Every structure is written in C-alpha cells, then in structure tokens.
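Please open the structure in your viewer and keep the selection tool at hand. The tour moves from the contacts between chains to the inside of a single chain.

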Amino acid sequence: MRKLLRLCPTFGLLLGFCPALAVTTALVNALGMGLAFTFVLTFSNFFVALLRRLIPEEIRIPLFIIIVVTFVTVVDMLMAGFAPELYKALGIFIPLIVVNCIILGRAEAFAYKNTVWAALKDGLSNGIWFTFGLAVLAAIRELLGAGSLFGYGLLSPHYVPLLLAVLPPGGFLLIGFILAAINEPQA
Amino acid sequence: MKILAVSPHLHSGTTTRVLMRDVLIALTPVLLAALYFFRWRALALVLVCVISAVLTELLAARIFKKENKVQDLSAVVTGLLLAFCLPPALPLWMAALGSFFAIFVAKELFGGIGCNIFNPALSGRAFLLASYASFMTTWSRPLDAVTAATPLALAKAGSAVDALTSAAAQAAGQTAVYRDLFWGAVAGSLGETSAAAILLGAAYLFCRRVIDWREPFSYLATVALIMFLAGQAVLFHLLAGGLLLGAFFMSNDYTTTPMSTRGKLIFGIGCGILTSVIRLRGGYPEGVCYAILIMNMFVPLIDRLDLKRQ
Amino acid sequence: MHGDYKELTRDRAITNAPVPEYLYVPLSQHIGAPAVPLVARGDRVKRGQLIGSADAFVTANVHSPVSGEVVEQVRIINPQGRTVDALKIKNDFQDELDPALKTYGVPDELSTDMLREIIREMGLVGMGGAAFPTHVKVSPPKDKKVDTLILNAAECEPYLNADYRLLLEHPNEIVLGLRLMARATRAVWVVVGLEDNKKSVMAGLQAAGIEEFARIAVMPAVYPAGAEKVLVKKAVGRQVPKKGLPLDVGVVVVNVGTVYQLARSIQTGLPLLERVVTVSGEFANPGNYLTRLGTLYQDVARLPDNYDQKDYRIVSGGPMMGFAVSRLDIPVTKGTSGLLLLRSQIFKESNCIRCARCVDACPLELLPYQDRGLDECMECGLCAFVCPARKYLVQQVRQQKAAKKLQAK
C-alpha cells in the first residue's frame, strides 16, 4: 500500500495538492476529476512528445499550455454536456487543470525529452496513479465526513459524521497523516 | 555513587512536573465549580478527557518509540483544560476524540511537550467545533441542565445587552446578572462559567510565580479597551464566556506563547484584538479559542523579533 | 535564591587546618604561564621560600608553604581535572622561615610601584576562584585609566563563608589591605560591594576606619551579585561592555582574600602560603579552615560514614560555579574557596517547555536556550539552576565555547 501510494504524484512528488484537496470530499468527484485529469495528461504528453522537435526551447512553456488548454477545453465541454452534475461539483477545478503542475511537470520533464510512445505510457500511468491517490483520499474523507461511499450510506444511521473530514483543514490533516505513514521508515 | 557533572551543582527543584502540579492545583477551584454547577456531567467529561489524554500520550510514546513523559503531568493538564472548554451535554465519545486529537495531533505529532505550535486543549476544542458544530454549541443551564443559550450568545442576538441596558432590567436585575456571571451560575463550558474560581486559581499561580502577568493582563486590558470604545458593557465582556479561563490558563501557556517580555505583551494584545473583533463582528458569539490559536501561529515570528534585537 | 546554605558554616570561626606530612604544591595555581620550578629533588626548602617563578608578565610566583624537603616533582590532578606539575614537599614540622624574606616597614609609606612589586613577589592572585594574577590587574596598560577600586565582598555562592569570616574576624587587615590596593591601582574611589546578608561585618569595618576612604555599597543578596560585571553595575552603576573587562570602564575588582593577604604579607613579610577554605555540605567537619596551599583535600575535609550509600558529588569551589571532582587527592590551591559534599541525583534532560525562566534569570540578559551571545556567558549557572527541564545549559555553553576555540585554531 505504501509503495502504491508513493506512485501517486501527489504523495510521491507532493504535486497537485490543489485538486487533491478540493475535489476529494466525495469519491465520485475524485474519480471524475481523476478521469478528466488522466485524459488531459495522456493527450498533452502525446502531443508534446510528437511536436517536441518543432517547439523552440525559448517559448516551450506557453506552447505546452496551449496544448494542455486544448484538451482541458475538450474535457470541460464533454463533462458539461454528458455529466452536468459532476461538472457542477468540480466547478472551477476542471479549467484549473490547465495550470496543474503535474501536467506541466510531465510535459517539461518527460514528454519533451522522450518518444511519443513513452510519453503516452507515462501520461497514462501518472494519470491513473493520480486518480488512485485521489480516490484513496476521497474514500476516507467521504466515509468519515458523511458516512457513505459514492453517496450510499455505509455506516449505521447513528453515525455522527466527522464534519472536519470534508472541510479543507481535514483534507490537509489527512494528506499529512498519509505522508507521515508513507515516509515513516525513512525517518 | 559519585557523580561528576558540570556546574551548577544545585537546582531550584522547580521541574516541569512541579509546574504542572501547580497548574493542576490552580485548576482545582475551577473543577469544583464545574462539579457544583454541572454535577455528574462535569465529572464524566473531566474523567473521560483526562484519561483519554493520558492514554493517548502513552500510545504516542509507543508509536513513536520514545520515552513516555506521562509523569510530567502535562497530559493531565491538557485533558483537564480541554474538558473545561467543552459544553456539559457533549457526548462522552466526542470528548475522548477531542482529547485524542489534542494530544496526538496537536502535541505529539509536533514532537511532544515543548514542541507544539498550537495550544493542545484549544486545538482539541477547535477540532470538535469544526466537526460537531451543533453538539459543541448546545449549552445547558447549570444545576438543572435545561438547554439554554450562553450569555454571549444572547448578547450576540441582542437580548442580553438589551437586558443589561434597558430600563426594565434596571439596577437590581443588572447586579443579579453580574452576580451570576461572577459566581458561575450561567450556561457555558464546564470551566468558563465561574469567574471567581478562575481568579482564585490564577491568584495561586501568581503567588507561586508559575505564570507571568503580561499576557493575561494585556489580553484583558485590550478586550476591555475595545469593548469600552465600542460602547459595550465592559464588565460583561470580561466576565462572560471563556475570556478569563483563556487569559489565565491558555494565553500564557509556556510552550505556545512568546518568551520575551515584549513578545508576551504583543501576544496578549493580539489575542485581545482578535477576541473583540470576533465577538463584535464575527459569526461566533465567542472568539477566545480562535484568537489564541491564531496568535499561536505568530509566536515564532514574535520570538524572532527579539532575537534580532539581541 | 531561597536557601543559600550559608548557615552551615556561617558562625564557625576560622581555625587552622592540620598541616599534613606531605604537601603537593602545583606550579600553576593561576591563570597564565605556569611557574618554573627553582628547586629540585632533595633540596631543603624553608617556609616562604620562592620555589617556582616564570619569566612572563601574566604569571604568579609559588612559594613553599612549609619547611622541609622536596621529595620529587610529580604530576597531579587539579580541581579543573587537568594534570599539572606539582612539587611534593615533605614537611619537617619546623616551619623554619626563609631568611631571604624581607620586611617592609610602615605600610603607609610604600609607593605605588613598590606595592605593585610586592604584590608580584608575593604571588598574589584573585582568590575568589579564577586566580588571575593580581599584579597584572593592578598594573593597567597605559591607555586604560583606573579610577575606581571595588572590593568584591559579595560572596554570592551558596555555602561559602570564607570571605565573610575574614571580613568579620580581620577587619583591620582588610581595611589596611584595601587602602594599599587602592594606592597600588591609583584608584580615586574605593567601593565595598557587600551583600545585604552580610551586614554584620559593617560595624567591624567601620571601626577599622573604612569610611575614611571607601564607600560601602549594600546590594541585595541575589546570586550572582559577586560576578564582576554584575558587581560593577550594582556597586558603581557602570555597564561593562560586552566581551569587555571592568578595566574598560575604569574599574578594578579585587577579592577579600587577596586584600587580606596583601595586608598580612606586608605586616609579616610572608608571601601567599595559606588561604581560608570553607568545608561544608555533608562533610563531617564543616567549618572555615586556614589551609596551607598544597594540602590535599582529604587532609582538610573528612568524609562522613556511609556517605557513599546515596548519590553524591564532591565540589571544589561553590555549588554554582565550582567543579565536581572525582577524587580527594587534589591539592588546595590559591583559588580554592570551598569544598562541598553534596547529595545529588543524575537528572535526565527533558524537552524545553519554553518557560523563559532562563531568560529571566540570566544576569547578562542572554538567551541561554539559544546559542546567541554565549561568548559573553560567565557560566554563573543560574539558567541551569532554574530550568524546569533540567537542561545542562552550562555544559552546552562550555561545549560551544570549546568548539569555537578549536575552530579558531
């Protein structure tokens, strides 16, 4: 479990805290966010790697962002059309994928220097592990804070929800606990 | 056995354990007042908080593989203080959870005694307030345990200040209100209602030179001044709510407050301003807990200020 | 500080300690260059004979405290735990005086230069503990002007009464010595810094005429009132600069024992051969003893029965700044003010709880919990005394000072 969690860029590299905190109040939101993120990351990685010989080094970051924006817009519109409820729940955090540091980080550190096939694989795996990390966070928070998973009540109706778990400080605390558990043997 | 050690070869005898024991002695009047006004609920809450605090400390020592420091009594003090800022009707398991949070998260995760940034008892309270807001704001009247609002909540709603200032409540009613506030026959957290008991305990700590006067007095003076300028009933604001308990037992906690004279004054004044602002303009009727926690965050900064000066 | 334990020996008059058969006189009992031995194995020595001297400015002469025979030059442990050279002398119990000793006539006719020379010849040092050669102290460099002499009669260390007994029993010598010392330093003002728990010595000093030339400044008995910087501030209101000496503000501070010895030396012609040592704590023979230098601790202080059933420490000097010693075959030196047997435990440090007691206690307003400005620390020990976490603060300071010294090399 420890090793699995460390594969997630949020816990392994301490990147992408913003969506990790904001959308993990419910498992559905986390999975939706994870899928959208994986989609964007895979395709942006693919295209960055494809165009890497055409992209001048001086202006690579703006160009990366343009590529990312394209796919974010695609996701944004798809989600608004097919999953309006999820779209409403995720709100600003879908457009914010544009400036997500994991996506830019992979583009800059990996896709820009590697082949198309490798970049595609890298994007996909990073996206999946990010989704996994979000799902773990969201599952714990939803279970504690609402007593449910995917909106279905799992605990007894007498359970008094721990509201803090779904509040921002609860998210921070949980990430802290998970990081502590992951890093403990290194101490 | 012969001992070779660096000078000095004498010690004042005032160890951490002795200091904590003094704080416990000072909290005894408050405890007695709580037991009198809230009866067995007070006893149960205090026991649950203290026991779970001590157990958490033992557990933390186990998990982090370090020597357990239970014998320094600091966990007992934290548990007791946490119990004192909980409403009497709070379910016991919540109190235990708050105690766990106070010791494990706010204290031990930061490195144990002396290393915590936030006041553990207040962190525990803030945790409970954020998690179980409705339970944490359901107050009961002393003695008969009927659900009632605290004086500050009434004041926030406008009725108590009216009661204090309106012609209907004239001099007689006003003294009765103040008498109740002073002795503690009002709704509120276990340990905050009786000003008399708190002052008695604080006086003991002053006599034993355990606490410094600077934080509590600059804190109280700032609140008094702002309330006076805002046209509020100054004495009412000093006596009501957790101000006295916070000022004398939490705003001068050694670990989470500045070390220098000037820093202590800055800390007290900051707490006073924040408390007043929350009470007058904030969403909560009471602001002592958050005021102190927020000022706790400034402590490293305030301490640096004095290092620079050296 | 509540309880200074002085009552254990306060009312015990100074008595002569028995002179042992063998004395171990260290050649370095002072700060500065160690003395070079002038006698060798088998030589006969007389009482007061110069047996060690060095060709340096900062050093002090060493004299034979008894008459007898030099057995050999040995290595011996001093109270600070260092191994030093010492002369082992076999006492013949004749106390034959060295014929080379001079007499000095009327004390009040001695000039400043002569006094400085006498102080140097007699091997006088600061007898409060640091043992800084007195002739260096009274001969300031040309660019420093001395206008004030302070007699350090604070004796703020708990347990110790050596200075107090001298003040009480020998006020005449002290007044004479102080007057001579003032002339030696060319000081205009003379101040006696006295803790308010020793007011009983004032009558004697006044009868001896101290008020003709000196002012008595009574200070509250708060440790460390006798630390030079604190004393200068309290007695004459001058602030010794950081990392500076009292000399920088025109002040020289002298010790009671030193002043007494100066008067005695001029009266009798004998150099510094003996000093008053307070034996206190749980030793079987508490008291104030006039002890020959070079006498081993075990010859002065008697251990009580069963003393080792509980934890104990033997302290050379005062309890706040003295040294815990590992053995009793250590010689009394010019700086040995006390010998204590204290009950003690080993304490484990716990976490600092940031109570700021050390900050409030520090007489120099340092921040003992931080390594800030600790070069100035005089290791008075108050911070560790008040620390609820029982941190070994003085030890930390010493380690840091030592580390800095190593780095500088």
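Begin by selecting chains A and B together in this predicted model, where the contact between chain A and chain B takes six residues from chain A and five residues from chain B. If you colour the chain A side of this contact by residue class, you will find six nonpolar residues there, with no polar and no charged residues.

Next, bring chain C into the selection. Which chains have the most contacts among the two pairs that touch? They are chains B and C. Chain A and chain C, by contrast, are joined by no contact, and their closest C-alpha atoms lie 20 Å apart.

Between them, 32 residues of domain 1 of chain B are in contact with 30 residues of domain 2 of chain B.

Finally, select the side of domain 1 of chain B that touches domain 2, where the elements giving two or more residues are helix 1 (16-63), helix 2 (74-84) and helix 4 (120-131) of chain B. Helix 1 of chain B provides the largest share of that side, with 15 residues. Coloured by class, the residues on this side of domain 1 of chain B divide into 26 nonpolar, four polar and two charged.

Note on methods
Residues numbered from 1 in each chain as written. Chains lettered and ligands numbered in written order. Predicted model: local features only at pLDDT ≥ 70, side-chain atom pairs only at ≥ 80, totals over all residues. Contact = placed C-beta atoms within 7 Å. Helix = DSSP H or I, 4+ residues; strand = E, 2+ residues; numbered from the N terminus. Nonpolar A, V, L, I, M, F, W, Y, C, P; charged D, E, K, R; others polar.
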